[in-house]
Amino acid sequence: MKIHKDVLVSLLLRAGLAISFFYAAISSLIYPTGWAGYVPDFLTKIISLKLYLPIHSIYDFIIGFFLIIDYKTFYVSILAALTISLIIIFNLSILDIVFRDIGLLLMAIALIVLYYKKSGSKK
Amino acid sequence: MKHELITLLIILAILGKINTLYLIRKRLAKKPLVCPIGDDCNKVVESKYSHMFFLKNDTIGLIYYVLLIISAVYFLSVSGGILLLMKIFSGLALLATIYLFYVQARVLKEYCFYCNLAAVINLFIFLIIMTLP
């Protein structure tokens, strides 16, 4: 059985990240009260939660969608890594919950490396 | 628990939809599929088993996933009778999936990564729908 390791590894990393982004996007649309606690205080002073959560959902959904369809993966992975880093930084007080995001962050970084090296330049 | 299960259901339906859209796009563009694992995906998707009721399997899949997303959102807001329909259709989809897997394993003796990905998605969709309260 032939295995295209590059294609498979990329697909697994992209699907794993995309599912996490999709989950956050859809769940916070369906059940916003469960997600309100993760929004940093300074943001709620600038923008209301009712407005922020749907915007963040759409943003998460777009990242997940671009990752799964392999569109501009190099740049989308950078965006994903930055987003996850911010989530970890602003939720350090609940590290028992967000420690899994460190794994996701490393997955995003793995994708950045994979897509940077693929053609010897950015893809 | 209900909203978590519906979230998972919608995610699986979206993944299934993207998978079928990829197959449809490649078919319409007449481009060969790149199979990450396995033998020749193209032999499977171009075989005589690639359609049912005058429709290509990928098109049937797309319709199924779109209807599933609509039903899931409807179920979330209204609940009730739609669940029975979801159970029936996910059961039928699982039966078709088992049949198509049998065709790959025993008749064609070739496996298609994207078809089996859809099979796994359909199995999980069925299990989630069966556990919905």
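**View 1. How H1(A) goes past H3(A).** H1(A) crosses H3(A) with left-handed geometry. This is a predicted model, so read the views that way. Two packed helices are described by the angle between their axes and the distance between the axes. Here, the axes of helix H1 (residues 5–30) of chain A and helix H3 (residues 49–68) of chain A come within 8 Å, with a crossing angle of roughly 155°. Angles over 145 degrees count as roughly antiparallel, and H1(A) and H3(A) are therefore roughly antiparallel to each other.

**View 2. Who touches whom between H1(A) and H3(A).** On the H1(A) side, the contact residues include Arg14(A), Leu17(A), Phe21(A), Phe22(A), Ala25(A) and Leu29(A). Facing them from H3(A) are, among others, Leu53(A), Pro54(A), His56(A), Asp60(A), Phe61(A), Ile63(A) and Leu67(A). Sort the residues of this contact by type and you get 14 nonpolar, four polar and two charged.

**View 3. Chain B, element by element.** Chain B is built with five helices and two strands. Walk along its sequence and the order reads α-α-β-β-α-α-α. Its radius of gyration is 15 Å, close to the 14 Å from the globule rule for 133 residues, so chain B is as compact as a globular protein of that length.

**View 4. Box, burial and contacts in chain B.** Along the principal axes, the C-alpha atoms of chain B fill a box of roughly 45 × 30 × 30 Å. Of its 133 residues, 32% count as buried. Take the contacts in chain B between residues at least 6 apart in sequence: 78% of them link residues at least 24 apart.

Key:
Residues are numbered from 1 along each chain as its sequence is written. Chains are lettered from A and ligands numbered from 1 in the order in which they are written. This is a predicted model: local features need pLDDT of at least 70, side-chain atom pairs count only at pLDDT 80 or more; totals for chains, interfaces and linings use all residues. Helices (H or I, at least four residues) and strands (E, at least two) are DSSP runs, numbered from the N terminus. The radius of gyration is taken over C-alpha atoms; the globule rule is 2.2 Å times the number of residues to the power 0.38. A residue is buried if 20 or more other C-beta atoms lie within 10 Å of its own, exposed if 12 or fewer, and partly exposed in between; C-beta atoms are placed from the backbone. Two residues are in contact if their C-beta atoms, placed from the backbone, lie within 7 Å. Axes are lines fitted to C-alpha atoms, for helices over the stretch in contact, and angles run from 0 to 180 degrees between N-to-C directions. Angles under 35 degrees count as roughly parallel, over 145 as roughly antiparallel, 65 to 115 as roughly perpendicular and the rest as oblique. A crossing is left-handed if the near helix is turned anticlockwise from the far one by less than a right angle, and right-handed if clockwise. Ala, Val, Leu, Ile, Met, Phe, Trp, Tyr, Cys and Pro count as nonpolar, Asp, Glu, Lys and Arg as charged, and the others, Gly among them, as polar.
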